[in-house]
Amino acid sequence: MKPVPFTHEIPKSLQLADKALTGDNSKVMAGGQSIGPMLNLRLVRPTTIVSIDQLDELQTVHIKGDVLSIGAAVTHAQIEDGIDDVDLPTMLRHVARSIAYRAVRNKGTIGGSLAHADPAADWVSAMTALGAQLVIRNAHGKSRREPMAGFMRGAYRTALQQGDIIVAVELPTAMGKALWGYEKICRKVGEFADAIGAVVIQPDLKYARIVVGATEDAPLLLDDMAREMARTATAPSLDEIDGALAAHLPGASRVKRQLLKTALSRAIAKVIPS
Amino acid sequence: MKVIVTPAAANQSISLTINDRPETVTVPPRTTLAEILRDHLDLTATHLGCEQGVCGACTVMVDGRPTRACLTFAASCEGATVETLEGFKDDDLMDRLKAAFHRNHALQCGFCTPGVLATARDLVERLDTADEVRIRNELSGNLCRCTGYVGIVESIAQVIDERRGLGLPSTGAPRVAREATTGFAPFDADIAERPPAPAVSSGTMTVEDGWSVVKREVALNHSADAVWAHFSDLDAVAECLPGAKLTDHDASTFTGHIGVAFGPITAKFEGEGTYRTDDSSRVGTVAGRGKDRGGQSAVEGELSYTVRLAQGDPDASLVDVGFRFRIQGMLGQFNRPELVNGFVDYILAEFVANCDAVLSGGEVRESKGISAFAMIRAVIGGKLRALFRRT
Ligand SMILES: Cc1cc2nc3c(=O)[nH]c(=O)nc-3n(C[C@H](O)[C@H](O)[C@H](O)COP(=O)(O)OP(=O)(O)OC[C@H]3O[C@@H](n4cnc5c(N)ncnc54)[C@H](O)[C@@H]3O)c2cc1C
Ligand code: FES
Ligand code: FES
C-alpha cells in the first residue's frame, strides 16, 4: 500500500531538524527500516517526515576520556564492519550482525532502533546489558542523558517526547574488556528475536548485569541474579533461572519461558563456562 | 532524461543516477525508490513483494550497497547512485553470477532473482571465502519460493572462488573471533536498587477460534449501587472509555466511533452495536462492530460486565469484565496474548480511573489517547513475524 501523502524534509543541521519537528504530526526518520513498513501499512500517517540520517553530528563515533560515543545515525552494518580506527567492543559487532539482513543493516541505525523500542529488537537489550547512556536533544536544543535501563517504558514506549532526537549512545570504554554473552533465539536468521539473553560482567567497574529480552515489554533486569553471579563467579542453575523468570513474568507462556531460559543460560555459559 | 508525472502540490524533483544514467523524476515524497524505478522509469526488473523489508525482492544497489527499494523514499534518493538488474553493464562479477545462475538452475519463476542477484553480488564482493553456512545465513533476507536455494548458494560459492582465483581481494570487514572466557574472580557488584516493576494485573487472556478473550476483575471504591448506576448508562460508560464517542443511541442500539491515536499509530473505528443491561443481576453487555477507514481494518467484539459487592466493604465493589473481540485487516495481528494483555490493561486502567473520578463527582481525565504502543508492537511485530512464519 502507498503511505498517506506527507512532506519529506531533510534538514542540514540539528537546529533545522528541531524546527522541522515542531509540527504536530511530524515524525523523525533515520534509516526508515522500522517506520518504512509502518508507513507502507498506513499504521503511521504523518504529515511531515524529517530525515536525520545524513547529519554529520549523528554519524560520528569517538572516544573522549573513558567514554565511547556512537552517533545515533550510525548503521548496524557500520558497527558490524567496525568503524575506522575506533575500537568497538566485540559485543557490539556481534550483536549488529545478528540484526535483520545486510540490506536492512545498511540503512537501519542504532538510534532508530532504540527510539523505536521494539521489545524484540537487539540493541534495546544489548545496550541495557552494557549500561549505555543515551544523549537526547530536546525540541529546544537542550541535551540530557538517560540510562538505557528505564529509558524504555514498555513495548514501543520510551522516555522520548515529541521533538526529542537521540543524538548518541555512550558506553564506558572499559566495556570493551567486559566478559559478555548475547544469545538471540529466532526461527530464521535475521528475524526479530523470540528470546534474548544478555550478560555483561566487568569486574574492573564492579559491573554485573543480566538482561532478558523479547519479553514483549521493556528488557527485564535480573539484578539479584547478577549480584549473586558476581559474588560467586558461578552460573545459576537452570531451575534458578526458571524460578526468576516465573517470578518476573507470571503471564508468560511455558513456551516463552523455556525460550527465555534457554537464551539466558546460553548467554551465561559464554561468561562462565561450565 | 526527464520524466514528468502528474503534478501535485507536494511533488518534488529528484535527481539521481540510475544504471549510469542521470535521471530526474518529479514525484510525491511518499513515492518509494521501487516505484520510481518501476512506475516512472519502466525499470521493472526490481520486484515488489512485501513492501515491508522482509522478502528482499526489491533489493537494489544504492551507492554500492544492497538496499530495500520499498523502504527508501523519494527525497532520500536525491543524488543517489542506483544499480538495478537492468544495469550492471560490463560488471564482471555480475556477468559471472548470471552465468553461474544459469549453470546451476538458480532460478525458476525468477520473481526473487533481481533481489537475490543484488545480494549475491554484494556477497561475492564482501565474503573472503565461500562458506556455505555464511552464504545461507546472508541469504535469509531474500525469500525464494521456488528453488530451495541450492543452486543460488552454489552459484555464489562458485563465483566467490572465481573471484579468489582472479586474485581479487574481498572488500568485507573480517569477522572478529570472540575470545573464549576463562571466567572471572568473584567480586561484589555495584548494582543500584531500582524501583520494583509495576504490579502485574490479574486476569486471563486467551485466543479461542481466532477471538481474543480477555477476563479481568476490577475493583472500584464505590458502592455497587453507584457503580451499577454508572455502568448501566451507556453515555457514562462511553465517556469514560478513552477515545470513544457515541454519535447516537436509543434504548438498545448505538452508533459511534473509537479512536486509537497514540505514538505513531492512528486508527479510528466507526461502527454500530447493541447493548443490554439487566438491573436485577447487574449484568451489562455491549456488542458492536466497526471499520477503520484509513487503516482498512475491521473490529467486532462483545463486552460484558457484572457488578458485584465487594466482601466486607459496602463502599466498594468488584466488576468482572469480559471482552471478546477480533480484528481483521491490517491491525489483525493484534490477537497476540502478551501484547493484548498490556494493551487491555492500559485501557482498563484509564477506564477505571475515569469511572472512579466520575463516581467521586469529578471529571473524566483528559485522555492522552490509548497507549497503542502495545498495539504497534502487536501489529508490526506480528505482521512481520506472520510473514516470516509463512516462509
Ligand atoms: C525485515 C526486517 C527485519 C528486522 N529485523 C530486526 C532484528 O532482527 N533485530 C532488530 O533489532 N531490528 C530489526 N529490524 C529493525 C531494524 O533494525 C531497524 O533499522 C531499526 O529498528 C530502526 O532503525 P531505523 O534507523 O531504520 O529507524 P526508523 O525506522 O527511521 O525510525 C524508527 C522510529 O524511531 C524514531 N527515530 C529514529 N531515529 C531517531 C532518533 N535519532 N531520535 C529519536 N527518534 C528516532 C522514528 O521516528 C521512528 O518512530 C528489522 C527490520 C526489518 C525491515
Ligand atoms: S518488497 Fe521490499 S523487501 Fe519485500
Ligand atoms: S525463483 Fe521463484 S521465487 Fe525464487
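In chain A, the cover over the buried residues of helix α9(A) includes β12 (195-202), β13 (207-213), β14 (220-221), α10 (238-248) and α11 (254-271). Cover here is by contact, meaning heavy atoms within 4.5 Å. Helices (H or I, at least four residues) and strands (E, at least two) are DSSP runs numbered from the N terminus. The model is predicted: local features need pLDDT of at least 70, side-chain atom pairs count only at pLDDT 80 or more, and totals for chains, interfaces and linings use all residues. Residues are numbered from 1 along each chain as its sequence is written, chains are lettered from A and ligands numbered from 1 in written order, and side-chain values use heavy atoms, without hydrogens and water.

Helix α9(A) spans residues 223-232. Its buried residues (under 20% relative accessible area, 1.4 Å probe, protein chains only) are D223(A), M225(A), A226(A), M229(A) and A230(A). They line one face of the helix, because they fall within an arc of 160° seen down the axis. The arc is taken over directions from the helix axis to the C-beta atoms. Just after α9(A), A233(A) has a positive phi of about 55°.

Ligand 1 is surrounded by 35 residues, each with a heavy atom within 4 Å. Chains A and B both contribute, so the site is shared between chains. Helix α6(A) gives the largest share of the shell, four residues. Polar contacts are pairs of N or O atoms within 3.5 Å. The side chain of T109(A) places an N or O atom 2.6 Å from a ligand 1 oxygen. A polar side-chain atom of K184(A) is 3.0 Å from an oxygen atom of ligand 1.

Technical notes:
Buried < 20%, exposed > 50% of the residue type's maximum accessible area, 1.4 Å probe, protein only. Polar contact = N/O pair within 3.5 Å; in protein donor to acceptor, adjacent residues only side chain to side chain.
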